[in-house]
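Here are some short notes for a colleague opening this model for the first time. Please read them with the structure on screen.

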Amino acid sequence: MCPIMGKIIHCLQGYIADMVPEEFEKHKEALAAQRLERPKKLSALSARFWSEITTQQYNFDRTNIEVAHLRGLQKEDILAFFRVMNRYC
């Protein structure tokens, strides 16, 4: 991995480590709300479904499943991910 990515990962790790739990939860819920927002145009929804078809995934409820997993994440899970990523930088 390039040195710039290592710096970015290190910076993000520090930012999240310093975040108070309430702020972390607020960010999680904002991301969940953004993911659950219905597309403004029918073409965006169509593109999402066609993506499922062309990749042969057929998981048309992907957004709800991803949001359920997102809401289950804890701050320590994200920090553990960054610790693993730091090994490769």
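This is a predicted model: local features need pLDDT of at least 70, side-chain atom pairs count only at pLDDT 80 or more; totals for chains, interfaces and linings use all residues.

1. Helix 1, residues 3-18, packs against helix 5, residues 75-87. The angle between them is about 155°, and their axes lie 10 Å apart. Angles over 145 degrees count as roughly antiparallel, so helix 1 is roughly antiparallel to helix 5.

2. Next, the handedness. Helix 1 and helix 5 make a left-handed crossing.

3. Now look at who touches whom. Helix 1 brings Gly6, Ile9, His10, Leu12, Gln13, Ile16, Ala17 and Asp18 to the contact. Helix 5 answers with Lys75, Ile78, Leu79, Phe82, Arg83, Met85 and Asn86. Sorted by class, this contact of helix 1 with helix 5 holds 8 nonpolar, 4 polar and 3 charged residues.

4. How many cavities of 30 Å³ or more does the structure hold? There is 1.

5. Which residues line the largest cavity? They are Arg48, Phe49, Glu52, Asn59, Phe60, Arg62 and Thr63. By class, that lining has 2 nonpolar, 2 polar and 3 charged residues.

6. Helix 3 gives the most, with 3 residues.

Key
Residues are numbered from 1 along each chain as its sequence is written. Side-chain values use heavy atoms; hydrogens and water are left out. Axes are lines fitted to C-alpha atoms, for helices over the stretch in contact, and angles run from 0 to 180 degrees between N-to-C directions. Helices (H or I, at least four residues) and strands (E, at least two) are DSSP runs, numbered from the N terminus. Angles under 35 degrees count as roughly parallel, over 145 as roughly antiparallel, 65 to 115 as roughly perpendicular and the rest as oblique. A crossing is left-handed if the near helix is turned anticlockwise from the far one by less than a right angle, and right-handed if clockwise. Contact means heavy atoms within 4.5 Å. Ala, Val, Leu, Ile, Met, Phe, Trp, Tyr, Cys and Pro count as nonpolar, Asp, Glu, Lys and Arg as charged, and the others, Gly among them, as polar. On a 1 Å grid over the protein atoms alone, a cavity is a set of points where a 1.4 Å probe fits but cannot get out, and a pocket is an open set with protein on both sides within 12 Å along at least five of seven lines; lining residues have an atom within 4 Å of a point. Grid points are joined across faces, edges and corners, and a volume is the space filled by probe spheres set on the points.
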